Protein chains: 2
Amino acid sequence: MAGLTAPLLGLEKKSLREQALSALRTAITSGELAPGRHLVETELSEMLQISRGTLREALRQLEQEGLLSAGPRGRLSVRHLDEKEIRDIFAVRAALESLAARTLCELPDRQHVTESLHSAIDAMNETTKGTLKERIESDLEFHRTLCRLTGNETLLHSWESLEGSIRMSIMFAGLEKGVSNMSVDRHREIVTAIDTGDAALARKTILEHMDTAAANLVA
Amino acid sequence: MAGLTAPLLGLEKKSLREQALSALRTAITSGELAPGRHLVETELSEMLQISRGTLREALRQLEQEGLLSAGPRGRLSVRHLDEKEIRDIFAVRAALESLAARTLCELPDRQHVTESLHSAIDAMNETTKGTLKERIESDLEFHRTLCRLTGNETLLHSWESLEGSIRMSIMFAGLEKGVSNMSVDRHREIVTAIDTGDAALARKTILEHMDTAAANLVA
DNA sequence: CCAAAACCGACTGTAAACAGTCGACTTATG
DNA sequence: CATAAGTCGACTGTTTACAGTCGGTTTTGG
């Protein structure tokens with residue numbers, strides 16, 4: 001019966017743990033589970049229709065991703081980010097993406113890289129008129145691609161570990177201030193710098209981009 | 001009876017999960033669990049005298065730290081790092097510590113920072129004649145302090161997530177090649193640069209330091 | 001002797017039950 | 001009425017038990 005979910009196109013059936021992980025991540029970054037909210041294992045396990053044991057494994061991972069914070073007695077709650085933490089997160093993010101840009105600049109054959117980045121930017125352009133969520137997603141997709149193209153798995157993994165926190169930062173501020181200015185032009189500048197192999201310029205552009213983004217979120 | 005373990009000086013009793021985590025980390029980085037070795041949950045749970053459920057929570061965390069790699073059907077094995085991966089890890093590490101140095105340079109009051117870093121270096125000096133493990137630990141302690149002093153919790157957390165992989169890198173190569181050249185002088189250069197607030201120099205010194213370290217490990 | 005099918009063992013995925021602890025609320029007592 | 005002791009409930013930490021699946025091995029039929 002359970003085998004009916006077709007694993008046809010590499011779409012392997014994910015374990016309940018992974019499903020719970022996705023569901024919780026979505027619930028948190030969508031605001032369904034608001035920052036500061038206390039999480040009760042039995043509630044969640046019932047809500048997600050899984051056992052506590054399986055749930056707890058997912059919770060550990062979310063905790064390490066920085067989406068949950070542990071209270072005194074193992075009590076978990078959705079993490080609340082203050083302005084300093086948002087700035088800190090974006091500083092680390094900038095460092096990682098800065099490395100990504102430098103790495104890409106030093107690549108002997110950047111043909112493929114340039115193409116992929118341009119595709120990502122095109123995708124961003126198409127969602128310019130879309131919902132806020134869509135624009136955020138295409139933006140993150142661009143930056144994730146930046147890291148992935150380096151071929152440095154550790155770099156990609158570190159960035160992805162931060163991705164949840166980045167989403168929370170944007171969401172947290174996205175409610176109060178408008179997060180509308182995710183300029184496509186800025187991203188073109190980055191790609192151009194990488195295209196010409198100008199590592200210093202690429203780094204500078206990214207650092208500025210991140211500074212601006214963080215400033216907009218906390219301003 | 002169980003209350004006899006004195007939680008006097010903030011030494012709070014750790015959960016079995018945390019104990020297992022420490023034990024496994026030690027076992028892996030000490031080589032007791034060699035890279036490539038397949039891990040069987042029932043074996044480990046019996047070995048550590050804990051249940052599988054509790055163990056699995058610890059395993060998830062180790063997996064995310066990059067100490068374990070998941071096989072086809074949830075099969076876990078101790079991760080084996082090749083030379084490229086070691087270089088990649090040290091590149092990310094360099095980016096993080098580079099950010100740390102820059103952040104420290106921009107701090108208005110660096111008095112306290114300088115003192116702490118000098119203490120860390122003194123500690124390194126004292127272990128100069130110690131065992132290889134002791135020298136490695138004091139070295140990592142210095143770099144961890146670098147990140148901690150920034151006050152950027154995200155930065156510290158990212159670095160610590162990498163710490164296990166760094167240890168594995170050093171160990172992996174430490175067996176074949178000699179990892180004897182952890183120069184104290186290089187660390188003094190970093191502290192001096194921070195002391196004078198020269199962010200560019202600090203960054204340059206750290207990048208070179210990491211390049212050298214990675215090169216020594218894979219050479 | 002070879003091949004295919006049935007069997008078995010091992011291991012992970014998952015669920016349900018048990019135990020301990022902390023906080024809140026109630027009750028008794030001066 | 002205020003305070004302290006006692007009780008109740010909720011939640012996490014932990015263990016034990018069950019189910020499903022894959023790979024290897026043996027057995028059986030040609």
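Visitor: Which polar backbone atom is 3.2 Å from a phosphate oxygen of DNA strand C?
Guide: That atom belongs to B:Leu39. A polar contact is a pair of N or O atoms within 3.5 Å; within protein, one must be able to donate a hydrogen and the other to accept it, and residues adjacent in sequence count only if both atoms are side-chain atoms. At 3.2 Å, the pair at B:Leu39 therefore qualifies. As to conventions, this is a predicted model in which local features need pLDDT of at least 70 and side-chain atom pairs count only at pLDDT 80 or more, while totals for chains, interfaces and linings use all residues. Residues are numbered from 1 along each chain as its sequence is written, chains are lettered from A and ligands numbered from 1 in the order in which they are written, and side-chain values use heavy atoms, with hydrogens and water left out.

Visitor: What are the distances from phosphate oxygens of DNA strand C to polar backbone atoms of A:Leu16 and A:Ser51?
Guide: For A:Leu16 the distance is 3.0 Å, and for A:Ser51 it is 2.8 Å. Helices here are DSSP runs (H or I, at least four residues), numbered from the N terminus.

Visitor: How many residues surround DNA strand C?
Guide: There are 17, and B:Arg52 and B:Arg56 are among the closest. A residue is near the strand if one of its heavy atoms lies within 4 Å of it. By class, this surface has eight charged residues (Asp, Glu, Lys and Arg), four nonpolar (Ala, Val, Leu, Ile, Met, Phe, Trp, Tyr, Cys and Pro) and five polar (the others, Gly among them).

Visitor: Why is A:Gln49 called exposed?
Guide: Exposed means over 50% relative accessible area (1.4 Å probe, protein chains only). A:Gln49 has 68% and is therefore exposed. A:Gln49 lies in the loop between helix 2 (41-48) and helix 3 of chain A, and has a positive phi of about 65° although it is not a glycine. In chain B, B:Gln49 has a phi near 65° and, at 70% relative accessibility, counts as exposed.

Technical notes. Helices (H or I, at least four residues) and strands (E, at least two) are DSSP runs, numbered from the N terminus. Buried means under 20% relative accessible area, exposed over 50%, partly exposed in between (1.4 Å probe, protein chains only).
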